[in-house]
Amino acid sequence: MFTKLTVPIGKAVRALMRLRGGGSALPGLIVERLDPDFVKRTLIDLPHGVVLVSGTNGKTTTTKMVVSLLESAGLKVFTNRTGSNFVRGVAAALVKDVDLTGHLDADVAVLELDEAHAVRFIEVIKPRTSLLLNVMRDQLDRFGEIDSTARLLTTVAQATSRNVILNREDPRIRDIAKQLSDSQNITYFGLSDIVRANFPNDDDIHSLRLVEQQNLPEASVLLMGYGDGEATLSINQQIYTTKLKIRGIYNVFNAAAAVATVRAVLGDDTSNADLINSLSNVTPAFGRGETLIIDHQPLELVLVKNPSGFRLSLQSFDPTNYATMIAINDNYADGRDMSWLWDVEFDSLTEEGVAMVTGVRAYDMALRLQYDEITVDKVDPDIDSALKQFVKSNRSKPKRIYCTYTAMLAIRKSLRRLTKVEIVS
Amino acid sequence: MTNREITIVHLYPEKMNIYGDNGNVLVLKRRLEWHGYEPHVIDYNVGDAFPEHVDILVGGGGQDSGQISIHDDLMKVGPRLQELADHDTPMLLVCGLYQLFGKFFKTADGTNLKGIGIFDIETHATNERLIGNVISHNDTFGDIIGYENHSGQTYLGERAQPFARVKKGAGNNSQDKHEGARYRNVIGTYLHGSLLPKNPRIADFMIEIAVRKRYGDFSPQVIDDLFADLARDVASQRPR
C-alpha cells in the first residue's frame, strides 16, 4: 500500500527542491527511507538489465559513450547522468524518470558507480553486464590501497549475472577473470603493441617504464591506432577507422571499452559498421575536455584527478601557441594528498611554460613545476582573480586549463560571471 | 667544483613506490645539480646487483603485496644496508620501507614479516587507517610538513630515537605522538606528500652529509625556496 505513494512523494520532493534552485539527492534519500525496494523493483524487469561501469578513470565519458551507442541502436536507456554515482543518486534519477505508477520506460539502465558505491549497489540489484575499466592510485586516502580497490571490483564482477568486460592491459583488472565462474561471459578490450606504450597502467607509471606483460588473453576489441581526431579499432579482427568528437587519447581507449560493452549487451549480430558510425557522433561529457569560446578564442577545460589522467592529458594536447593554466584544489572530492603531482612529468610544458597556477594548492603545483625547471609566470591561489588575469593577459591566444574537480566547478562559475559562455563541444 | 658525482640509490622503485616517492628522488637530484654536483640515480630492484658505491639511499612505501614481493631480496641485502647505515650514509625510508627497516611487521593475517632491524621498532597491522595532513617537529629541521596514510602502527623500542614529535596528525601510532625514527643519518618516517619538496632542509641535510663524506667539503649555492615556504604555509592550515 505504502509503495504506491513512493513515486508521487519522491516527485513532489524533487519539484520542491527544484523550486528552491538546484538538484539534489534528497528525493533519493526520502524514497530510500519510505521504500527500500524502490530501486530494485524499478530496474529488475528491464529487458537488457543493468550495465554497471566502474574503475578509476574514464567512467563518465565511457558511460556516456555506452549510452549513446545503445540509443543509436534503438534502445531506450536510463542513466545517472549528473554524476550522482551512488545508490541514492540512482534513486533520485529514477524518481525523475519513472511515471506516476512507478514504471520506468526503458530497455536498459547504464550506471556509472565508483568502486565503493558499486559494491553497495550490487547488494540492491545484480547487474547483467559490468564494464571494469582500470585501477589507478586515485584518492588512495579514500579507498586505502589499490589492491583493495581491485578486490572491490572483483566482488562486482562476481555478482554480475552475464557479461563481464575487462581491460586486458591492466593486470589488476585482467586477473579478475581468474575468480569468475564458467557461466559468465568474459570479454576483453585492449591495445595493439604499437599504441600500448602511450597508455601506461598503474605499474608502468610507478616504475617509470613499461612492465612486460605475458600471456595476454585475446581481446574482442583492440585499439590499433589514433591521431588527428581519428581512431582505428579492430573488432573481431575486422579493422575500422572513424573520426571522433571526443578529445584526449585516454578517451579513445575508452571508446574501445564502450564498443566491447555494447556488443556484449546487444549480442554478436550487432552491425559493427553502425556501431562505429554512432561512435563518431558522441560528444564529450561535462567538463571533460570541453571547449568554450571567450574573446573569440577557444578555452579548453581539462579535468585531471590522478597521475595517469594528468599524464595522458599532457600527452593528448599540444601546448604550442597555447596559454596554459593549472588549477589544483585539495578538497575532499579532489583528494587531500598532494603526492600525486610528483608522479606526473611536466616536461611537455617546458617550451611554452605555464602562464598561471591557481587553486588552494597553487604553491604545491608551482613547487612541482620548479623541480621540472618549468617557467611559471604567475601564481595566485584565488581562482576568480587568477582566471581574470589569465584571460586578460592572453586575449589573442587559445587557452587551456588543467583543473581538479572542485577547481573546475569554481572555474565554470567564474567564467559565467566573466562573460557569456558559449559551449561549442 | 665540476664533475663531482653523487650516487643516489632508489630502493625498489618498481614495488615500493606508492605515494609520489619519485618526488623525493627528484628533489635530491635537482638540488644536487643546483648546488653544483652531478647526481647519478640508480634504481635498485629485486634481483639486481647491489650498487658498489652508495652516497644517498631513498626508499618508499608500497602495498602489502609489494612488501611481500621484495621481502626475500631485502633480507639478502640487509647486511649491506646495515653496513652503509653504520658508516653514516644518509638514507630516507618512507612508510613501507620504514617499517621493514625495523624489527618486524605483523600483518593483518598474523604473518610476522621480519625486518632488517636497522631501527629498533616494531609495527603491527590494525583496522584503523591513519590518514591526513601532518605537522611534526624536530629541533634540527623545525616543523616538518607532510601527509600520512597507513594502517600499520609502529612502536619504538628502547634503543630507538624518534625522528620528530607530532603537532598535528597521528605519526607512528595513535598513542605516543612519536613520528618516524632516526639511526645515525638514517631517517624513517610515515610522511609523504612528497616529503622532501616541502621540507628542503631535510634534503639539504642529506646532500651535505653525502658530499662531505665523499669529497671532504661542501659549498652550497643559494636555492630559491619561496614556493616551498608558501606551500608549507598553506599545507599547515589545511584540514586534517
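B:Y37 counts as buried because it has 23 C-beta neighbours inside 10 Å; the cut-off for buried is 20 or more other C-beta atoms within 10 Å, for exposed 12 or fewer, with partly exposed in between, and C-beta atoms are placed from the backbone. B:Y37 sits in the loop between helix 1 and strand 2 of chain B. Helices (H or I, at least four residues) and strands (E, at least two) are DSSP runs numbered from the N terminus. Leaving out residues up to four places away in sequence, B:Y37 touches B:R4, B:I6, B:L32 and B:V211, where contact means C-beta atoms, placed from the backbone, within 7 Å. Between the C-alpha atoms of B:Y37 and B:E5 the distance is 6.0 Å, although 32 residues separate them along the chain.

The model is predicted: local features need pLDDT of at least 70 and side-chain atom pairs count only at pLDDT 80 or more, while totals for chains, interfaces and linings use all residues. Residues are numbered from 1 along each chain as its sequence is written, and chains are lettered from A and ligands numbered from 1 in the order in which they are written.

**The sheet of chain B**

Chain B has an open sheet of 6 strands in the order 2-1-3-4-12-11, with mixed pairing; two strands pair if DSSP finds at least two bridges between them. Strand 2 (38-44) and strand 11 (181-183) of chain B are at the edges with a single partner strand each, so one side of each has no neighbour in the sheet. From one strand to the next the twist averages 15°. Axes are lines fitted to C-alpha atoms, for helices over the stretch in contact, and angles run from 0 to 180 degrees between N-to-C directions.

Strand 1 (residues 5-11) and strand 3 of chain B are parallel and pair over 4 bridges, with B:I8 opposite B:I56 in strand 3. Helix 1 of chain B packs on this sheet, touching strand 1, strand 2, strand 3 and strand 4, and its direction makes about 155° with that of strand 2. Helix 5 (residues 200-215) of chain B also packs on the sheet; it touches strand 1, strand 3 and strand 4, at about 125° to the direction of strand 1.

Strand 3 (residues 56-59) of chain B runs parallel to strand 4 of chain B, joined by 3 bridges, and B:G59 stands opposite B:L93. In a regular strand the side chains alternate between the two faces of the sheet. In strand 4 (residues 91-94) of chain B, B:M91 and B:L93 point one way and B:L92 and B:V94 the other, and all are buried.

**Chain A**

The secondary structure of chain A comes to 17 helices and 15 strands. Of its 425 residues, 52% count as buried.

In chain A, 9 strands form an open sheet of mixed pairing, in the order 2-3-1-4-5-6-7-8-9. Strand 2 (77-79) and strand 9 (238-243) of chain A are the edge strands, each with a single partner, so one side of each is left without a neighbour in the sheet. The twist averages 20° from one strand to the next. Strand 4 (residues 129-132) and strand 5 (residues 163-167) of chain A pair in the parallel sense over 4 bridges, and A:L132 has A:L166 as its bridge partner. Helix 8 (residues 146-158) of chain A packs on the sheet against strand 1 (50-54), strand 4 and strand 5, its direction making about 155° with that of strand 4.

| Helix of chain A | Buried residues | Exposed residues on the face turned away |
|---|---|---|
| Helix 16 | A:I383, A:A386, A:L387, A:F390, A:V391 | A:S385, A:K392 |
| Helix 17 | A:A407, A:M408, A:A410, A:I411 | A:R416, A:R417 |

The buried residues of helix 16 of chain A fall within an arc of 125° seen down the axis, so they line one face of the helix; the arc is that of the directions from the helix axis to the C-beta atoms. These buried residues pack against strand 10 (290-294), strand 12 (323-327), strand 13 (356-358) and helix 17 (405-418) of chain A. What covers the buried residues of helix 17 of chain A includes strand 11 (297-303), strand 12, helix 16 and strand 14 (399-403).

**Between the chains**

Contacts link 30 residues of chain B with 26 residues of chain A. On the side of chain B that touches chain A, helix 1 (21-34), helix 2 (64-86), strand 7 (121-138), strand 8 (142-156) and helix 6 (226-237) each supply at least two residues.

Terms used: Contact = placed C-beta atoms within 7 Å.
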